[in-house]
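Me: I would like to go through this model by question and answer, taking the chain contacts and the helix geometry in turn.

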Amino acid sequence: MENPLHPFELHTIVPLSLFGLDVSINKAVIMMFLVVGLVTLLLTKARSSGSLIPTKLQSVAELLVEFIRGMIHETMGPDGMRFFPLIATLFLFILFCNLLGLMPGAYTVTSQLVVTGAFALGVYMLSLLVGFKIHGVKFLGILVPSGTPGWLLPLMVPIEIISQLARPVSLSVRLFANMTAGHVILGVLFGLSISGGLLIGWLPFSFTVALYGLEVGIAFIQAYIFTILTCVYMGDAFHLH
Amino acid sequence: MPQFDVHFFSSLIFWEFISFGILFWVLYKFAFPPILEALETRERKIRDSIEQAEQSRTTAEQRLAEYEAKLSGAAQEAEAIVAEAKAKAQRLLEENEQRLRTDSARIQAETTREIERERRKALQDIRNEAADLAVTVAEKVLERSLSEDDHRRLAREAVQAVAAGEAQK
Amino acid sequence: MPSSPDPLFAGLGQAVRIGTNLLATLMVGGGLGWSIDSYVLPTEPWGLVAGLVLGVIAGIRNAYRTAQRWDHS
């Protein structure tokens, strides 16, 4: 049986270098390009009719926009709509990375910890930036939970620092782990059904099919979690206590 | 795990930011504004039509209330007219009755009075006649002229006799 | 896709969040403690121990907070 981690291996396809930095094109990078192309195509096509009675694609796009708008309103309030393009792009990018990765033979970009880590760190840094920009130095008050008695401060501040630093970590690890685990299990089951042959192979195969549906759901849920947590962190920056 | 192959990190992060940036820019510039706008336009339109519908409903309700009020007013008016007519008829009837009753009473009384008067007159006539007759008869019988006073006394006695006879009858 | 306050979606999201958060705070706490041990103070291994303990506390605290928010919503 083939190594279940084999699908995560990358190979340089087009070697490239920018100022001494290795920026070679590999399968994951091609998947990113695909995601950008597909999302652009879908969303620009969705808006093209622009009529009051929406087409199917337009309805889906509007549903999506409303969904994200709802998230922002709930966590950040109406002011948060400034970040709508960022949040929506983030959701779409992650969602389509997750979904396209489910195609047989494709590569799941979000199963790379560096990719999810870069997103998480970027988003977290942005929330800190927004917080300091709005509240100035007072934003450090986020490390002091409201209603903490003075003698507990030496304990609470380190705990809060750890909580804060854990945010990007949990954000990136969650997405990476979910995507990786799902693909590993799918790969193992599919391998079993191939090697099982016709006689008993149908059992793991039906599991594979069921799990595939589950993975599609997880692709959505993980994209949703990443996005809503981004909104929550941004919201914390907006409304200090 | 192959994901921790450091060799690919730089290119992955680089292209991640590039593609995310491109996608962000494209969607920000071309996709989101029209979709958000369409959404808001539709929401506004729906809100407007709901408001309009609500307005028409209240107008219709108001009209209905007005109409009903008018209708009930008309019914009341008709009722009042009928009642008035009835009352008038009743009044007329009573008035008529009253008048008839008084008239008949008056006529009756008048008739009675008339009869009484006639009777008295007749009586008086008879008395006078009788007195004259008695005087003549007495003159004739006695063949003598009595004094005026005798005449009168005799006449009165005759009359009283007649009257007494009359009363005894 | 449901619009945001969908209970199933939000509930699933929160359920999945709690576990990873515990792991993350543990990793960060341990990492910070270990870094202090290795580079800042000669406290080995107490920095690591304290970091792990604080990490666990932070994780539980976050889970509690998430659950509370869940309760309120």
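Me: How is the model numbered, and which pLDDT do local features need?

Reply: Residues are numbered from 1 along each chain as its sequence is written, while chains are lettered from A and ligands numbered from 1 in the order in which they are written. This is a predicted model, in which side-chain atom pairs count only at pLDDT 80 or more, totals for chains, interfaces and linings use all residues, and local features need pLDDT of at least 70.

Me: What pLDDT does chain C average?

Reply: pLDDT is the predictor's confidence in each residue, from 0 to 100, and over residues 1–5 of chain C it stays under 50. In chain C 68% of the residues score at least 70. The average pLDDT of chain C is 75.

Me: Which element supplies the largest share of the side of chain A that touches chain B?

Reply: With residues taken to be in contact if their C-beta atoms, placed from the backbone, lie within 7 Å, the contact takes 39 residues from chain A and 31 residues from chain B. Elements of chain A that each supply at least two residues include strand 3 (21–22), helix 2 (56–75) and helix 4 (113–135), where helices (H or I, at least four residues) and strands (E, at least two) are DSSP runs numbered from the N terminus. The largest share, 11 residues, comes from helix 1 of chain A.

Me: Which helix of chain C gives the most to the side that touches chain A?

Reply: In this contact 24 residues of chain C meet 21 residues of chain A. The one that gives the most, with 14 residues, is helix 1 of chain C.

Me: At what angle do the axes of helix 4 and helix 5 of chain A cross?

Reply: Axes are lines fitted to C-alpha atoms, for helices over the stretch in contact, and angles run from 0 to 180 degrees between N-to-C directions. The axes of helix 4 and helix 5 (residues 153–200) of chain A come within 8 Å. They cross at roughly 145 degrees.

Me: Where does helix 5 of chain A bend by about 55 degrees?

Reply: Helix 5 of chain A spans only 61 Å between its end C-alpha atoms, whereas a straight helix of 48 residues would span 70 Å at 1.5 Å a residue, the expected span being 1.5 Å times one less than the number of residues. The bend at a residue is the angle between axes fitted to the seven residues ending there and the seven starting there. For helix 5 of chain A, the bend of about 55 degrees is at A:Ile194.

Note on methods
Two residues are in contact if their C-beta atoms, placed from the backbone, lie within 7 Å.
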